[in-house]
Amino acid sequence: MKKYFLEISLIVFVSLLFRIFLLSLDLYKTVFFDEAVPGLMALEMLKGNFSFFYWGAPYLGSLEAIIAALLFKILSVSTLVLRLSPLLFFVFFCIVTTYSAKQLSKNSFPWYALIFLFFPPFDLSSSAILPFAGYMHILAIGS
């Protein structure tokens, strides 16, 4: 088990570095309109105006904005801090998925599947670093 823990930790760490590299690209320097909603909701929560539902989408909860508000309170208000919330849920999702894959595989550990999970195509990587309507949160909690 220790062997798998070290290997999994290494993959999660390297995939986090990959996503931090993505965040440093010029493409991600500004806030997109879709991620502005949880950011504005988080700022309103810091003022005491709490909303249980995602603005404009009453079928979504405000978990992403709640976590962003907590991170804003602890760290500071910035675009990078806003994007930490889906990144934290991505790490949780990776750990749960890796543990599940380990439990399901009888003969060998399916590293090939996990490498694709941790280093997906560029478009899929965006949902792990950008707060768009709670996609990463829903994926992590559902896993």
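Student: Which residues is A68 in contact with, leaving aside its neighbours within four places in sequence?
Tutor: Those are A42, L82 and S85. Keep in mind that we are looking at a predicted model.

Student: Where is A68 found, and is A68 buried or exposed?
Tutor: A68 sits in helix α3. Its relative accessible area is 0%, so A68 is buried.

Student: How far is A68 from P131 in space?
Tutor: Their C-alpha atoms are 9.4 Å apart, although 63 residues separate A68 and P131 in sequence.

Student: What about I67, buried or exposed?
Tutor: I67 also lies in helix α3. Because its relative accessibility is 16%, I67 counts as buried, the cut-off being under 20%.

Student: And which residues does I67 contact beyond its neighbours within four places in sequence?
Tutor: S85, F89 and H137. As for L82, its C-alpha atom is 8.9 Å from that of I67, and the two are 15 residues apart along the chain.

Student: Let's look at the helix itself. Which residues of α3 are buried?
Tutor: E64, A65, I67, A68, A69, L71 and F72.

Student: What covers them?
Tutor: The cover includes α2 (33–46), β1 (53–54), α4 (79–82), α5 (84–104) and α8 (135–142).

Student: Why does the end-to-end distance of α3 agree with what a helix should span?
Tutor: Helix α3 covers residues 63–74, which is 12 residues. At 1.5 Å a residue they should span 16 Å, and the end C-alpha atoms are 17 Å apart, so the two agree.

Student: Now the packing. How is a pair of packed helices described?
Tutor: By the angle between their axes and the distance between the axes.

Student: OK, at roughly what angle do α2 and α3 cross?
Tutor: They cross at roughly 60°, and their axes come within 8 Å. That angle makes α2 oblique to α3.

Student: Left-handed or right-handed?
Tutor: The crossing of α2 and α3 is right-handed. On the α2 side the contact is made by P38, G39, M41, A42, L43, M45 and L46. From α3 come E64, A65, I66, A68, A69, F72 and K73.

Student: Nice link! Zooming out, how many helices and strands does the protein have?
Tutor: There are 8 helices and 2 strands. Along the sequence the pattern reads α-α-β-β-α-α-α-α-α-α.

Student: What share of the protein is buried?
Tutor: Of its 143 residues, 41% are buried.

Student: Last one: what share of contacts with a separation of 6 or more comes from residues 24 or more positions apart?
Tutor: That share is 66%.

Note on methods. Residues numbered from 1 in each chain as written. Predicted model: local features only at pLDDT ≥ 70, side-chain atom pairs only at ≥ 80, totals over all residues. Heavy atoms only, no water. Helix = DSSP H or I, 4+ residues; strand = E, 2+ residues; numbered from the N terminus. Expected span 1.5 Å × (residues − 1). Buried < 20%, exposed > 50% of the residue type's maximum accessible area, 1.4 Å probe, protein only. Contact = heavy atoms within 4.5 Å. Axes fitted to C-alpha atoms, helices over the stretch in contact; angles between N-to-C directions. Parallel < 35°, antiparallel > 145°, perpendicular 65-115°, else oblique. Left-handed = near helix turned anticlockwise from the far one by under 90°.
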